[in-house]
Amino acid sequence: MKKLTRTVLTPLCLAISAAALAATDDAAITRGEYLARAGDCMACHTAKGGQPYAGGLGLETPIGAVYATNITPDAEHGIGAYSLEDFDKAVRHGIRKDGSTLYPAMPYPSYAKVTDQDIADLYAYFMKGVQPVAEANRDSDIPWPMNMRWPLAFWRWTFAPKVATETGSTPDPQLERGRYLVNGLGHCGSCHTPRGIGMQEKSLTDSDGDHFLAGGAPLEGWVAKSLRGDAHDGLGSWSTEELAQFLKTGRTERTAVFGSMTDVIQHSMQHLTDADRLAIARYLKSLPPVNASPAVKAESNTALQLSRMDVSTPGARTYIDNCMACHRSDGRGYAEVFPALAGNPVLNGKDATSLIHIVLDGGYLPGNQHAPTGYGMPGFAWRLDDQEVADVVSFIRSGWGNSGSPVSPDEVAKQRMQH
């Protein structure tokens with residue numbers, strides 16, 4: 001009887017163990033997929049029109065283009081032959097399977113803060129939750145000798161931090177969750193923190209100084225704005241709830257996403273939980289301003305001038321003819337459709353590159369699962385010359401109480417040549 005019992009129970013136990021292991025794997029894959037969304041891996045590792053995570057997207061750097069690699073589980077071209085240790089070395093340490101150093105276009109200085117468990121879950125997802133694609137990787141366009149990888153090891157030794165999960169300074173779990181997502185997987189500093197002479201981020205965390213998330217340099221025709229509490233050109237005039245809504249839908253009552261941040265909303269932020277988006281918003285709102293400048297004070301002189309069709313100011317006629325129907329004479333736009341120009345922190349930043357880019361090439365606010373309707377703005381490069389673009393951008397940056405500096409035709413010409 002005992003032998004019969006063992007004969008029956010042994011296969012049953014094995015089946016239960018296998019089912020439990022499969023359930024564990026499925027849970028890890030699901031968690032890993034969410035984490036890959038939080039890290040926005042799709043945006044860089046998927047070429048336009050290409051297969052998910054098969055690489056090939058060109059990433060511009062000051063010394064040439066770097067092409068994102070295939071991170072599908074294809075054994076020949078992707079990471080199918082990577083062990084968990086190999087995967088960890090690449091993601092958190094910046095070291096390829098062959099021992100060479102990755103270009104810091106891969107934000108491993110930020111990923112150094114990711115926990116062991118999250119790395120394991122990411123590995124489970126990329127190995128078992130992603131379809132393998134036999135797509136060969138592309139070499140960089142960086143000219144010799146700057147394309148040699150061995151000097152990158154010295155960059156990594158100098159600028160990349162040791163792998164260590166941050167321990168927050170507050171007992172607030174929500175705030176610490178936001179810190180973890182922003183500083184780690186979200187790698188927000190890769191774009192929004194100024195870089196030093198070695199192209200390193202000047203600060204990697206809020207404890208490193210006030211360079212952290214204080215705004216980046218122009219890249220691919222866009223400027224990543226300050227995410228600190230500056231009222232003039234940062235997030236000082238935003239509420240926590242407004243910022244969380246922006247991360248969810250890409251739009252609020254007064255602004256709309258544009259440029260490279262569009263991909264962040266589409267591939268990453270819209271897929272996070274409300275709790276995580278609120279945690280991110282709370283953490284960003286906790287960052288103090290770099291400059292204690294007051295918020296833009298709205299004034300009605302520009303609206304009065306436009307309502308009277310007074311075109312004596314350079315750029316006013318161009319605004320009336322091309323912009324006013326959507327952005328209105330008072331510069332307030334239409335809530336969640338056409339962004340406000342009055343008091344918009346983007347317009348008051350030192351660098352007008354993003355605004356010039358939008359006027360020349362237009363923009364598109366795509367719909368997503370939370371805000372399905374998309375809206376577009378046409379480009380005016382075909383219609384307006386450099387002087388007209390400079391005049392209208394300068395008009396917008398100085399109207400309704402805005403205090404952005406004027407733009408020259410040479411700045412417009414430079415931007416036009418790049419696009």
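This is a predicted model: local features need pLDDT of at least 70, side-chain atom pairs count only at pLDDT 80 or more; totals for chains, interfaces and linings use all residues.
Me: What places Thr 240 in helix 9?

Reply: Thr 240 belongs to the run of residues 240-249, and helices (H or I, at least four residues), like strands (E, at least two), are DSSP runs numbered from the N terminus. By that numbering the protein has 17 helices and four strands.

Me: Why is Thr 240 called buried?

Reply: Its relative accessible area is 18%, and buried means under 20%, exposed over 50% and partly exposed in between, with a 1.4 Å probe and protein chains only; Thr 240 therefore counts as buried.

Me: Which residues does Thr 240 touch, not counting those up to four places away in sequence?

Reply: Thr 240 touches Leu 278, Ala 281, Arg 282 and Lys 285, where contact means heavy atoms within 4.5 Å.

Me: Why can helix 9 be described as largely enclosed by the rest of the structure?

Reply: Seven of its 10 residues are buried, so the description applies. Those residues are Thr 240, Glu 242, Leu 243, Ala 244, Phe 246, Leu 247 and Thr 249, and they pack against helix 10 (261-267) and helix 11 (274-285).

Me: Why is helix 15 described as largely enclosed?

Reply: Eight of the nine residues of helix 15 (residues 353-361) are buried, so helix 15 is largely enclosed by the rest of the structure. The buried residues of helix 15 pack against strand 4 (375-377), helix 16 (386-398) and helix 17 (409-418). Just after helix 15, Gly 362 takes a positive phi of about 80°.

Me: Why is His 327 called buried?

Reply: His 327, in helix 14 (residues 324-327), has a relative accessible area of 12% and therefore counts as buried. Not counting residues up to four places away in sequence, His 327 touches Tyr 319, Arg 332, Gly 333, Phe 338, Pro 339 and Leu 341.

Me: Why is Trp 150 called exposed?

Reply: Trp 150, found in helix 6, has a relative accessible area of 57%, so it counts as exposed.

Me: What makes the nonpolar surface patch to which Trp 150 contributes?

Reply: Trp 150, Phe 154 and Trp 157 make this patch of about 440 Å². Patches are made of residues with over 30% relative accessible area and no salt bridge, like charges being joined within 9 Å and nonpolar side chains (Val, Leu, Ile, Met, Phe, Trp, Tyr) within 5 Å. A salt bridge is a side-chain nitrogen of Lys or Arg within 4 Å of a carboxyl oxygen of Asp or Glu, and accessible areas come from the Shrake-Rupley method with a 1.4 Å probe, only the protein chains shown counting as cover for residues.

Me: Which residues form the negative surface patch?

Reply: Glu 60, Asp 139, Asp 141 and Glu 220 form it; Asp and Glu count as negative and Lys and Arg as positive, while His and the chain ends are not counted, and a charge is placed at NZ of Lys, CZ of Arg, CG of Asp or CD of Glu.

Me: Why does Asp 139 count as exposed?

Reply: Asp 139 lies in the loop between helix 5 (116-128) and helix 6 (150-159), and its relative accessibility is 64%, so it counts as exposed.

Technical notes. Residues are numbered from 1 along each chain as its sequence is written. Side-chain values use heavy atoms; hydrogens and water are left out.
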